[in-house]
Amino acid sequence: MGSGIAEVAAKAGLEVILRSRKQETADAMIAGLEKSLAKQVERGKLTEEDRDATVARVSATSDLHELKDCDLVLESIVEDLGPKKELFNELDRICKDSTILATNTSTLPVIEMAMETGRPDKVCGVHFFNPAPMMALVEIVKPLTASDETIAAVHDFVGACGKSAVEVIDQAGFIVNNLLFPYLNNAVRMFENGVATKEGIDEAMKGGCNFPMGPFALLDLVGLDTSLSILEALYDEFRDPNYAPRPLLKRMVAAEQLGRKSGKGFYDYSRK
Ligand SMILES: NC(=O)c1ccc[n+]([C@@H]2O[C@H](COP(=O)([O-])OP(=O)(O)OC[C@H]3O[C@@H](n4cnc5c(N)ncnc54)[C@H](O)[C@@H]3O)[C@@H](O)[C@H]2O)c1
C-alpha cells in the first residue's frame, strides 16, 4: 500500500519521502513505482515528461528523522496496533508541531494511535484502498480528538490526490471493511463447508453480482494476514460471530500462505 499511496501523491504534484526500515526496501519501492509509471507511459496514460517529474518528486530513506518537516505523515505499516502505536510515539517526537500524523489502518482504533502522541488533535485516519492508484475512494476517519482543521486539511490532501473522500467515525472497519469482511469471511465458511469450489464461488459472485473479482481473489489481493487482522479487530470491537475469523483463514496465515504477496494463498501466484 505504501508505494501505491506514494505514487498517487507524487502524481498529484506533492513532494514525497518514502520511508522503510531498510534502505534496500525503500529503494525497491521506488523501483516498483517506476515500473508502475512505465506501464502507464506504455499504455499512453502518462507522458514521459510527467513520469520523470513524478519520479523526481519521490525520495527514499530508512531514516525516520527525514520526515521531520513533512506537513503530513501517512503510515502504512503492518496492521498491528503495537508497532503502529510505537511509530506514532516516535513520529510525535520527531516531526514539527504542525505535522498531521495519519494512519492507513483498515480497522484499528485511530484514537489509540492519537493518544500515543502529544497532538491527538492532529491525528486521523486516511484510508486508501488497494491498489491505491486505481481505487477512487479514501475514507477519512475522525477519532474523537481530531480537530476540524485537521480533517479539513486532510480533505484538501485527498482532493489534491484526485480521490473522493467519505468521512466516518473511528469505529472498527469504518464503512467499507465493516460491510465487506463478513462477506469475505462467509465465503471462506462456504468453501470450508464444501458448498462449492473457490473458483465456483468467485465465478458466481463475479457473474451474479457484477463484482470485478470474487471473494478469494480479493482476499489474496488484500493479503490473508491483513485480512485476519481486520477480522480480529472487527470481532474484538463488536463480538459479532460473523466477524470471527474462519479456522481455514487462521491456518493459512500460520502456513504463511498470505496471498499474492507470498506467492500462494487461495490461488497460486508463483509462476505469474
Ligand atoms: N492490503 C490491503 O488491501 C489494504 C488496503 C487498505 C489499507 N491497508 C492497510 O495498509 C497497511 C499496510 O498494509 P499492506 O497490505 O501494505 O501490508 P504489507 O504486509 O504488504 O506491508 C506492511 C509493511 O510494513 C512493514 N513493517 C512492519 N512493521 C513495521 C514497522 N514497525 N515499521 C516500519 N515498517 C514496518 C513490513 O515490513 C511491510 O513492508 C495496514 O494498516 C493495512 O490495514 C491494506
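Trainee: Where is the place of Pro131?
Mentor: Pro131 sits in the loop between E5 and strand E6, the latter spanning 137-142. Keep in mind that this is a predicted model.

Trainee: And the peptide bond from Asn130 to Pro131, cis or trans?
Mentor: That bond is cis, and its omega is near 0°.

Trainee: What about Phe174, is its phi positive or negative?
Mentor: Positive: phi of Phe174 is near 50°, and the residue is not a glycine.

Trainee: Which loop does Phe174 lie in?
Mentor: The one between strand E7, residues 164-169, and H7.

Trainee: Staying with H7, at what angle do the axes of H7 and H9 cross?
Mentor: Roughly 115°. Helix H7 covers residues 176-192 and helix H9 covers residues 215-222, and their axes come within 10 Å.

Trainee: Is the crossing left-handed or right-handed?
Mentor: H7 passes H9 in a left-handed crossing.

Trainee: Which residues in H7 and H9 meet there?
Mentor: From H7 there are Leu180, Phe181, Tyr183, Leu184, Ala187, Val188 and Phe191. On the H9 side they meet Pro215, Phe216, Leu218, Leu219 and Val222.

Trainee: And by class, how many of them are nonpolar, polar or charged?
Mentor: The contact of H7 with H9 has 12 nonpolar residues, no polar ones and no charged ones.

Trainee: Switching to the ligand. Which residues around the ligand come nearest?
Mentor: Glu79, Lys84, Ser106, Val222 and Lys261, out of 18 residues around the ligand.

Trainee: How far is an oxygen atom of the ligand from the side chain of Ser106?
Mentor: It is 2.6 Å from an N or O atom in that side chain. For Asn104, a side-chain N or O atom is 3.0 Å from an oxygen atom of the ligand.

Trainee: What share of the ligand's accessible area does the protein cover?
Mentor: The protein covers 76% of the 830 Å² that the ligand has on its own.

Trainee: Which helix and strand each supply at least two residues of the shell?
Mentor: Helix H4, residues 81-94, and strand E5, residues 123-128.

Trainee: How do the shell residues divide by class?
Mentor: Six are nonpolar, seven polar and five charged. The H7 and H9 contact, by contrast, has no polar and no charged residues.

Notes
Residues are numbered from 1 along each chain as its sequence is written. This is a predicted model: local features need pLDDT of at least 70, side-chain atom pairs count only at pLDDT 80 or more; totals for chains, interfaces and linings use all residues. Side-chain values use heavy atoms; hydrogens and water are left out. A residue is near a molecule or strand if one of its heavy atoms lies within 4 Å of it. A polar contact is a pair of N or O atoms within 3.5 Å; within protein, one must be able to donate a hydrogen and the other to accept it, and residues adjacent in sequence count only if both atoms are side-chain atoms. Accessible areas come from the Shrake-Rupley method with a 1.4 Å probe; for residues, only the protein chains shown count as cover. Helices (H or I, at least four residues) and strands (E, at least two) are DSSP runs, numbered from the N terminus. Ala, Val, Leu, Ile, Met, Phe, Trp, Tyr, Cys and Pro count as nonpolar, Asp, Glu, Lys and Arg as charged, and the others, Gly among them, as polar. Axes are lines fitted to C-alpha atoms, for helices over the stretch in contact, and angles run from 0 to 180 degrees between N-to-C directions. A crossing is left-handed if the near helix is turned anticlockwise from the far one by less than a right angle, and right-handed if clockwise. Contact means heavy atoms within 4.5 Å.
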